[in-house]
Amino acid sequence: MICIDFFTSDDGTMQRADRPAPRPDRGPKPLAECGSFASLAKKAGELDALDRALRQTLPTPLREQVRFAHLRNGRLVFLASSPAWAARLRLMQTQILATARAIGTSASSVTVKVAPLRPAPTEPNRSKPLSPAAAVHLKAAAASITDPELRGLFLELASIAETAGFPVAKD
């Protein structure tokens with residue numbers, strides 16, 4: 001199937017551009033076509049085991065910079081964090097295919113795509129404890145507040161400085 005697009009050229013005339021139609025097998029599938037959750041979990045587990053088995057044979061620095069993505073039509077697809085790591089993995093293609101065949105996977109080729117690895121989740125910054133001076137000011141502010149609930153919140157905040165190891169002068 002061919003899709004026909006029209007565009008305006010530099011001289012202002014309409015031009016016709018034929019292009020192939022989008023393939024219907026691309027993109028997200030409806031949930032009903034994906035199978036049961038159990039079958040998806042089983043396939044994910046199998047792919048994870050294959051990832052561990054294939055990457056285990058790689059040298060340590062390379063192993064940390066690539067990850068196995070998929071097995072489709074006899075093609076092992078890996079993701080590398082940079083073009084340099086992708087080139088190194090391509091050099092290991094024969095070894096990867098031999099390992100895949102040894103563990104019973106029918107693979108005939110290796111494809112490597114460059115996709116930066118996700119950054120490791122970071123711990124949220126721990127806030128610094130309140131200083132004794134901040135606690136004194138919070139207590140002074142609490143003394144001038146008439147709303148008992150708000151006054152209690154200010155005093156609770158001031159008490160954090162006391163529990164953080166700072167001695168606070170009592171009024």
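**Helices, strands and what they hide**

Reader: Which exposed residues sit on the face of H1 turned away from its buried side?
Author: Phe 37, Ala 38, Lys 42 and Gln 56 are the exposed residues on that face of H1. Exposed means over 50% relative accessible area, buried means under 20%, and partly exposed lies in between (1.4 Å probe, protein chains only). Helices are DSSP runs of H or I with at least four residues, strands are runs of E with at least two, and both are numbered from the N terminus.

Reader: Where is the confidence lowest, and where is it highest?
Author: Strand S1 (residues 2-8) is lowest, with a mean of 50, and H3 is highest, at 93. The protein chain averages a pLDDT of 80, and 78% of its residues score at least 70. pLDDT is the predictor's confidence in each residue, from 0 to 100. Where it is low, the predicted coordinates should not be read in detail.

Reader: OK. How many helices and strands are there?
Author: The protein chain has six helices and five strands. Along the sequence the pattern is β-β-α-α-β-β-α-α-β-α-α. Of its 171 residues, 23% count as buried.

Reader: Back to H1. Which of its residues are buried?
Author: Leu 50, Asp 51 and Leu 54 are buried in H1. They cover an arc of only 105° around the axis, so they lie on the same side of H1. The arc is taken from the directions from the helix axis to the C-beta atoms.

Reader: What covers them?
Author: The cover over the buried residues of H1 includes S3, S4 and helix H4 (93-102). Asp 51 is buried at 10% relative accessibility. Leaving aside neighbours within four places in sequence, Asp 51 is in contact with Arg 67 and Phe 68. Contact means heavy atoms within 4.5 Å.

Reader: Now H4. Which residues are buried there?
Author: Ile 96, Leu 97, Thr 99 and Ala 100 are buried in H4. Down the axis of H4 they fall within an arc of 160°, so they line one face of the helix. On the other side, Thr 94 and Ala 102 are exposed.

Reader: Why does Thr 99 count as buried?
Author: Thr 99 counts as buried because its relative accessibility is 14%. Apart from neighbours within four places in sequence, Thr 99 is in contact with Ala 53, Leu 54 and Thr 57. After H4 comes Gly 104, with a positive phi near 95°.

Reader: Switching to strands. How do S3 and S4 run?
Author: Strand S3 (residues 66-72) and S4 run antiparallel, joined by six bridges. Strands pair if DSSP finds at least two bridges between them. S3 and S4 form a hairpin with two residues between them, and Asn 73 in the turn has a positive phi of about 50°. His 70 has Val 77 in S4 as its bridge partner.

Reader: What about the largest nonpolar core? How many residues?
Author: That core has 19 residues, and Leu 54, Leu 76, Phe 78, Leu 89 and Ile 96 have the most contacts inside it. H1, S3, S4, helix H3 (83-91), H4 and S5 each supply at least two of its residues. A nonpolar core is a set of buried Ala, Val, Leu, Ile, Met, Phe, Trp, Tyr and Cys residues joined through side-chain atoms within 4.5 Å.

Reader: Who does Phe 78 touch?
Author: Not counting residues up to four places away in sequence, Phe 78 touches several residues, including Leu 54, Leu 89, Ile 96, Val 110 and Val 112.

Methods: Residues numbered from 1 in each chain as written. Heavy atoms only, no water.
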